[in-house]
Amino acid sequence: MHEDGWVVGIVALAICLIAGGLFFKIKTAPPAPTVTPPETALDAPTIKITDPQRGKKNAPLTIVFFSDFGCDSCATAAPMLNALEHDPELAGKFRLVWKDFSGHKTIFPQSFELHKAGRCAAAAGHFWEFADAAFLHNQEVRL
């Protein structure tokens, strides 16, 4: 019986050491990393009532088109956006908002006057016709 006491003692000691080790690891484990929400998306541009717009105001998608009349890429994109508007499957599903891309002033300074003229056309309700004509003659603006 004396031997049984040692076996029970050793088993009890082993259980205590294992349990203590688990408890110690749990207590000293580094805290779980806190999950921070992902950074919010870039702030949406402010759409003003004076910005030329086409499409329903409550459309599920708003495309904000930052553009310069002197920019070749902008001139290429404008007809594509026009084509999207005439696609029967997309009718009423998006709104197009124009923003003058003032960052191009240093690249295409000659187009600045066109932007001012575009705002005059917008006041008369003809901005989009003006924009189409300006993009059609984009190469002349750059001379």
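Mentor: Among the 15 residues of the largest nonpolar core, those that touch the most other members are Phe 65, Phe 69, Trp 98, Phe 127 and Phe 135. Such a core joins buried Ala, Val, Leu, Ile, Met, Phe, Trp, Tyr and Cys residues through side-chain atoms within 4.5 Å, buried being under 20% relative accessible area (1.4 Å probe, protein chains only). Two or more core residues come from each of α2, β3 and α4 (DSSP runs numbered from the N terminus: helices H or I of at least four residues, strands E of at least two), and α4 contributes the most, with 5 residues. The model is predicted: local features need pLDDT of at least 70 and side-chain atom pairs pLDDT 80 or more, whereas totals for chains, interfaces and linings use all residues. Residues are numbered from 1 along each chain, and side-chain values use heavy atoms, without hydrogens or water.

Beyond its neighbours within four places in sequence, Phe 65 is in contact (heavy atoms within 4.5 Å) with Cys 74, Ala 77, Ala 78, Leu 81, Leu 96, Val 97, Trp 98, Lys 99 and Phe 135.

Phe 65, Trp 98 and Phe 135 are also among the residues lining the largest cavity, as are Arg 54, Asn 82 and Asp 132. A cavity is a set of 1 Å grid points where a 1.4 Å probe fits but cannot get out, and its lining residues have an atom within 4 Å of a point. α2 (72-85), β3 (94-100) and α4 (127-136) each supply at least two lining residues, with the largest share, 4 residues, from α4.

Note on methods: 1 Å grid on protein atoms, 1.4 Å probe; cavity = no way out; pocket = protein on both sides within 12 Å on 5 of 7 lines; lining within 4 Å. Buried < 20%, exposed > 50% of the residue type's maximum accessible area, 1.4 Å probe, protein only.
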